[in-house]
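Trainee: Could you walk me through this model? I would like to start with the whole chain and then turn to the details.

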Amino acid sequence: MINEIKDKEEFKKLCQKAWDKNSDVWINNRILPIKLKKFIIDFLFEKENPFILDIGCGNGWLLQELNATKSAIKFNYVGVDINHNFIDFLKGKWFDFKYDFFVADFEEKLNVIRDDSVDKAIAVLSLIEMSDLEIAFKNITDKLKNGGCCMIVVLNPYIEMIRINSNMNELKNDIASFRNGNLFFYEKKIISKELESEVNYYGLLHPIEKYFSVAKKSGLLINDFREIDAIDELGTESTIYHCIEFVKP
Ligand SMILES: C[S@@+](CC[C@H](N)C(=O)[O-])C[C@H]1O[C@@H](n2cnc3c(N)ncnc32)[C@H](O)[C@@H]1O
């Protein structure tokens, strides 16, 4: 069943508390479909020597992947996350002047990175925890260079509702509530291979149209949209990713 957001700050606290408990599970068990990883990495390296901003970087799987596949190519990387556990883990793991990690709330004005400096920003499943998309997209717009791009990876809300409801009537009720236009969240255990987290994580059900409209209001243009279905790699329990690319003109 989905729940309506009554208080945005309360929801943020709920997410942070959950990540305090789940960060270790995420650090040790994060799995992504290979085709999604490839799609993201191709996007990041369209141009040479990119300055990459990873929004809500979590365990830093992306930096790990970049090192594994692009070690011969120059790039700079900054990961920001609201959760200390992730940033402490990353600072302990990577010692390189080309990489930086900051604890920062992306729903507040971001001061740790210069404006107009980022070539490629990427947010993988982090905007689905942010109820204040206006500030998040203002940060993206401020930090990108002119001509810089941001890709956000979010989830198809209808598939998420199917994944949390095994009962058809409850599913119909959830979809009806969602279509009424208010902001809802769901909760779910992290499931990775045989492992299930002890506590739930939380995700927001922003309609896809909301990302387009807020980005447009912040001055970004839509560059690309791709749906990536993980069913062939991760099975029927897996989700459908929406990858939306924006450019700062
Ligand atoms: C589902 S995890 C995804 C992490 C990583 N991008 C990945 O793909 O594995 C969501 C991440 O967003 C972070 N996050 C949530 N709200 C945030 C905020 N307001 N500012 C910065 N990071 C946030 C969480 O701490 C968490 O690390």
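Predicted model: local features only at pLDDT ≥ 70, side-chain atom pairs only at ≥ 80, totals over all residues.

Trainee: Why does the radius of gyration agree with a compact globule?
Mentor: Start from the extent: the C-alpha trace spans about 50 × 40 × 35 Å along its principal axes. For 249 residues, a compact globule would have a radius of gyration near 18 Å. The chain agrees with that, because its own value is 17 Å.

Trainee: How many helices and strands are there, and what percentage of contacts between residues at least 6 apart join residues at least 24 apart?
Mentor: The chain is built with 9 helices and 10 strands. Among contacts between residues at least 6 apart in sequence, the part joining residues at least 24 apart is 72%.

Trainee: On which side of H6 do the buried residues lie, the same or opposite?
Mentor: In helix H6, residues 157-164, the buried ones are Pro157, Glu160 and Met161. They cover an arc of only 100° around the axis, so they lie on the same side of H6.

Trainee: Which residues are closest to the ligand?
Mentor: The ligand is surrounded by 21 residues. By class, that shell has 11 nonpolar, 5 polar and 5 charged residues. The closest are Gly56, Gly58, Phe106, Val124 and Ser126.

Conventions
Residues numbered from 1 in each chain as written. Buried ≥ 20, exposed ≤ 12 C-beta atoms within 10 Å, placed from the backbone. Helix = DSSP H or I, 4+ residues; strand = E, 2+ residues; numbered from the N terminus. Arc of directions from axis to C-beta. Rg over C-alpha atoms; globule rule 2.2 N^0.38 Å. Contact = placed C-beta atoms within 7 Å. Near = placed C-beta within 6 Å. Nonpolar A, V, L, I, M, F, W, Y, C, P; charged D, E, K, R; others polar.
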